[in-house]
Amino acid sequence: MAECKECGNEADKLVSVKVDGKAKKMCEDCADRVREEAEVAKESESVIQGMMGFKGRR
Ligand SMILES: [Zn+2]
């Protein structure tokens with residue numbers, strides 16, 4: 001058993017996921033969550049860029 005550094009739970013195995021360019025070891029539950037959060041962050045970033053672009057044109 002290994003301890004997940006993200007949620008503190010013990011997991012059968014840890015997977016390594018890249019977060020902000022750094023590889024982090026975490027359980028699969030956390031890995032799924034982090035991947036989802038990364039997708040959302042990417043989307044909201046493009047929304048903000050779109051808003052800034054809109055502002056810039058005015
Ligand atoms: Zn975890």
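**Figure 1. Order of secondary structure elements along the chain.** In this predicted model, the elements follow one another in the pattern β-β-β-β-α.

**Figure 2. Overall dimensions and packing of the chain.** The C-alpha trace spans about 55 × 15 × 15 Å along its principal axes. Of the 58 residues in the chain, 9% are buried. Among contacts with a separation of 6 or more, 5% are between residues 24 or more positions apart.

Figure 3. Strand E3 covers residues 15–19 and strand E4 covers residues 22–26. The two strands run antiparallel and are joined by five bridges. Within this pairing, serine 16 stands opposite lysine 25 in E4. Two residues lie between the strands of the hairpin, where aspartate 20 takes a positive phi near 50°.

**Figure 4. Valine 40 in helix H1.** Helix H1 comprises residues 28–57, and valine 40 has its place in this helix. Valine 40 counts as exposed because it has 10 C-beta neighbours inside 10 Å, the cut-off for an exposed residue being 12 or fewer. Lysine 55 is 15 residues from valine 40 in sequence, and the C-alpha atoms of the two residues are 23 Å apart in space.

Technical notes. Residues numbered from 1 in each chain as written. Predicted model: local features only at pLDDT ≥ 70, side-chain atom pairs only at ≥ 80, totals over all residues. Helix = DSSP H or I, 4+ residues; strand = E, 2+ residues; numbered from the N terminus. Buried ≥ 20, exposed ≤ 12 C-beta atoms within 10 Å, placed from the backbone. Contact = placed C-beta atoms within 7 Å. Pairing = 2+ DSSP bridges.
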